[in-house]
Amino acid sequence: MDSSQASTLGTSGSGGNGLVSTQTTETANATPNDDPKQNLNQVINSIQKTLGLLHQLYLTVSSFNAASQLPLLQRLNSLVTELDNMAKLSEKCNIQVPMEVLNLIDDGKNPDEFTRDVLNGCIAKNQVTKGKTDAFKGLRKHLLEELEQAFPDEVESYREIRASAAAVS
């Protein structure tokens, strides 16, 4: 597939799989291609199309003979075109992937493990923080009880000040 065919395919609107957008210098009018969610969906569609092309290429290579050379070249050209399209579409997306996720994928592990570990870490830190908060609340309560026994008038004025400050805010 040559570049003229690729550009024709890219603008045909085939479900966003090969959508190539031209950017103008006008920034006042927002186009649908400025939507981050749509940009992400276009990249996802391009990834899915690339996976399909890779599968077709695998089937062509696995049953290769002299007659299948032209389909092989066409599929290779389609793959290169789609990878180029994916690179252009991905420039519009701002996605940050933690290095830990990439390392897990390189190690052949499921990236959901990273998500699970992060969530479990957040839950553990939340429980520790809640425990500290409860401990401070208990300490405050105990100190107020002790202060009330030693200085009842001052504690009463403190509570009035706290009540008026709470009512203002």
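Select Val101 first: leaving aside residues up to four places away in sequence, Val101 touches Pro111 and Phe114. The model on display is a predicted one. Val101 belongs to helix H4, which covers residues 99-106. With a relative accessibility of 12%, Val101 counts as buried, because buried means under 20%. Val101 and Glu113 stand 12 residues apart in sequence, and their C-alpha atoms are 8.6 Å apart in space.

**The whole chain**

Now zoom out and display the protein as a cartoon. The protein contains 6 helices and 0 strands, so that its elements, read from the N terminus, run α-α-α-α-α-α. Of its 169 residues, 15% count as buried. Among the contacts between residues at least 6 apart in sequence, 51% join residues at least 24 apart.

The mean for the protein is 82, and 80% of the residues reach 70 or more. Which helix has the lowest confidence, and which the highest? Helix H1, residues 3-10, is lowest with a mean of 39, whereas helix H5, residues 112-150, is highest at 95. Select residues 1-30 as well: the pLDDT is below 50 over this stretch, which has 30 contacts in the model beyond near neighbours in sequence. Where pLDDT is low, the predicted coordinates should not be read in detail.

**Helices H2 and H3**

Select residues 36-62, helix H2, together with residues 69-90, helix H3. Their axes come within 9 Å and cross at roughly 160°. Angles over 145 degrees count as roughly antiparallel, and H2 and H3 are therefore roughly antiparallel to each other. The crossing of the two helices is left-handed.

Show side chains along the contact. On the H2 side, the residues include Val43, Ile47, Leu53, Leu54, Leu57 and Val61. On the H3 side, they include Leu72, Leu76, Leu79, Leu83, Met86 and Leu89. By class, the residues of the contact of H2 with H3 divide into 12 nonpolar, 8 polar and 3 charged.

Is Thr50 buried or exposed? Thr50 counts as buried, because its relative accessibility is 6%. Apart from residues up to four places away in sequence, Thr50 touches Leu79, Glu82, Leu83 and Met86.

**Helices H5 and H6**

Move on to H5 and select with it helix H6, residues 152-168. The axes of H5 and H6 come within 6 Å and cross at roughly 135°. That angle makes H5 oblique to H6. From H5, Arg140, Leu144, Leu147, Glu148, Gln149 and Ala150 make the contact, and from H6, Pro152, Val155, Tyr158, Arg159 and Arg162. The contact of H5 with H6 has 6 nonpolar, 1 polar and 4 charged residues.

Finish on Leu147, which is found in helix H5. Which residues does Leu147 touch, not counting those up to four places away in sequence? They are Pro152 and Val155. At 39% relative accessibility, Leu147 counts as partly exposed.

How values were computed. Residues numbered from 1 in each chain as written. Heavy atoms only, no water. Axes fitted to C-alpha atoms, helices over the stretch in contact; angles between N-to-C directions. Helix = DSSP H or I, 4+ residues; strand = E, 2+ residues; numbered from the N terminus. Parallel < 35°, antiparallel > 145°, perpendicular 65-115°, else oblique. Left-handed = near helix turned anticlockwise from the far one by under 90°. Contact = heavy atoms within 4.5 Å. Nonpolar A, V, L, I, M, F, W, Y, C, P; charged D, E, K, R; others polar. pLDDT = per-residue confidence, 0-100. Buried < 20%, exposed > 50% of the residue type's maximum accessible area, 1.4 Å probe, protein only.
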